[in-house]
Amino acid sequence: MTQKVKVMTKKQQRKVILSLWNKGVRNAGEIQRRTIEWAEKHLNDRWKRTLFTDETSFQLFRNTITQWYKAERPVRPIPKNRQKIHAWGGFSSYGKTSLFCFTGIMDAKYYVRILEEQLPEVREMMGNNWRFQQDNDPKHTSRLAKNFLQENVPAVMDWPSNSPDLNPIEN
């Protein structure tokens, strides 16, 4: 069986390198070593039993105004009254979850509320032997969310920081 390798765009590479730089990693070799180390650790994982999850936001209207400057700054539209809807969802080889849509701001408490509503459907779809994938967003790694997941999910997958290229839901 051949394995596909996803190549990151230059923009994705810069984002990963900048985030690691901000965390104190100053060496491109160290970044590459960490990524390869994680990939080798998970090369033979049972990916069919993994639920990949993420959230995103959609701006409902292109309601913008034009901002003018007297100096040599560019003229560009800026958002006015941004109205957004947020969505959380997941998928695995067994199927997809319902899309959970909301308009408020998601914090750790709200994230746990979403999981409480969605996990019964996930258990019905995947049974008792599966693992949960999420990125390292602070609300996902909060004490509240970690405790909830530890009590309600069979396994939570470790995930490298700032790796949108590795998550199938991002591609």
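User: In this predicted model, is Asp158 buried, partly exposed or exposed?
Analyst: The model is predicted. Buried means under 20% relative accessible area, and exposed means over 50%. Asp158 has 32% relative accessibility, so Asp158 counts as partly exposed.

User: Where is Asp158 found?
Analyst: Helix 4 covers 143-152. Asp158 is found in the segment after helix 4.

User: How far apart in space are Asp158 and Asn136, C-alpha to C-alpha?
Analyst: In sequence, Asp158 and Asn136 are 22 residues apart. In space, C-alpha to C-alpha, Asp158 and Asn136 are apart by 9.0 Å.

User: Which residue forms a salt bridge with Asp158?
Analyst: The closest N and O atoms of the pair are 3.4 Å apart. The cut-off for a salt bridge is 4 Å, so the pair counts. The partner of Asp158 is Lys41.

User: How many residues apart are Lys41 and Asp158?
Analyst: Lys41 and Asp158 form a salt bridge. Lys41 sits in helix 2 (residues 28-41), while Asp158 sits in the segment after helix 4. The pair links distant parts of the chain, and the separation is 117 residues.

User: Is Lys41 buried or exposed?
Analyst: Exposed means over 50% relative accessible area. Lys41 has a relative accessible area of 57%, so Lys41 is exposed.

User: What is the distance between the closest N and O atoms of Arg131 and Asp45?
Analyst: The structure holds four salt bridges. Arg131 and Asp45 form a salt bridge, with their closest N and O atoms apart by 3.0 Å.

User: Which parts of the chain does the pair of Arg131 and Asp45 tie together?
Analyst: Arg131 and Asp45 form a salt bridge. The two residues are 86 residues apart in sequence. Arg131 lies in strand 7 (residues 131-133) and Asp45 lies elsewhere in the chain, so the parts tied together are strand 7 and the loop between helix 2 and strand 1.

User: Is Arg131 buried or exposed?
Analyst: Under 20% relative accessible area means buried. Arg131 has 15% relative accessibility, so Arg131 counts as buried.

User: Why are Glu117 and Arg113 separated by about one helical turn?
Analyst: Their side chains meet in a salt bridge at 3.7 Å, N to O. Both residues lie in helix 3 (residues 108-126). The separation is about one helical turn because Glu117 and Arg113 are apart by four residues.

User: Which strand pairs with strand 1 over eight bridges?
Analyst: Strand 1 covers residues 50-59. The pairing is antiparallel. Phe52 stands opposite Phe91 in strand 4. The partner of strand 1 is strand 4.

User: Which residue is the bridge partner of Trp88 in strand 6?
Analyst: Strand 4 and strand 6 (residues 100-102) pair in the antiparallel sense over three bridges. In strand 6, the bridge partner of Trp88 is Phe100.

User: How many residues lie between strand 4 and strand 5 in their hairpin?
Analyst: Strand 4 and strand 5 (residues 95-96) run antiparallel, joined by two bridges. Lys96 in strand 5 is the bridge partner of Phe91. In the hairpin, the residues between strand 4 and strand 5 number two.

User: What charge does the surface patch with Lys10, Lys11, Arg14 and Lys15 have?
Analyst: One of its residues, Lys11, is in helix 1 (residues 10-22). Lys11 counts as exposed because its relative accessibility is 64%. Lys10, Lys11, Arg14 and Lys15 gather on the surface, and the charge of their patch is positive.

Terms used
Residues are numbered from 1 along each chain as its sequence is written. This is a predicted model: local features need pLDDT of at least 70, side-chain atom pairs count only at pLDDT 80 or more; totals for chains, interfaces and linings use all residues. Side-chain values use heavy atoms; hydrogens and water are left out. Patches are made of residues with over 30% relative accessible area and no salt bridge: like charges are joined within 9 Å, nonpolar side chains (Val, Leu, Ile, Met, Phe, Trp, Tyr) within 5 Å. Accessible areas come from the Shrake-Rupley method with a 1.4 Å probe; for residues, only the protein chains shown count as cover. Lys and Arg count as positive and Asp and Glu as negative; His and the chain ends are not counted. The place of a charge is taken as NZ of Lys, CZ of Arg, CG of Asp or CD of Glu. Buried means under 20% relative accessible area, exposed over 50%, partly exposed in between (1.4 Å probe, protein chains only). Two strands pair if DSSP finds at least two bridges between them.
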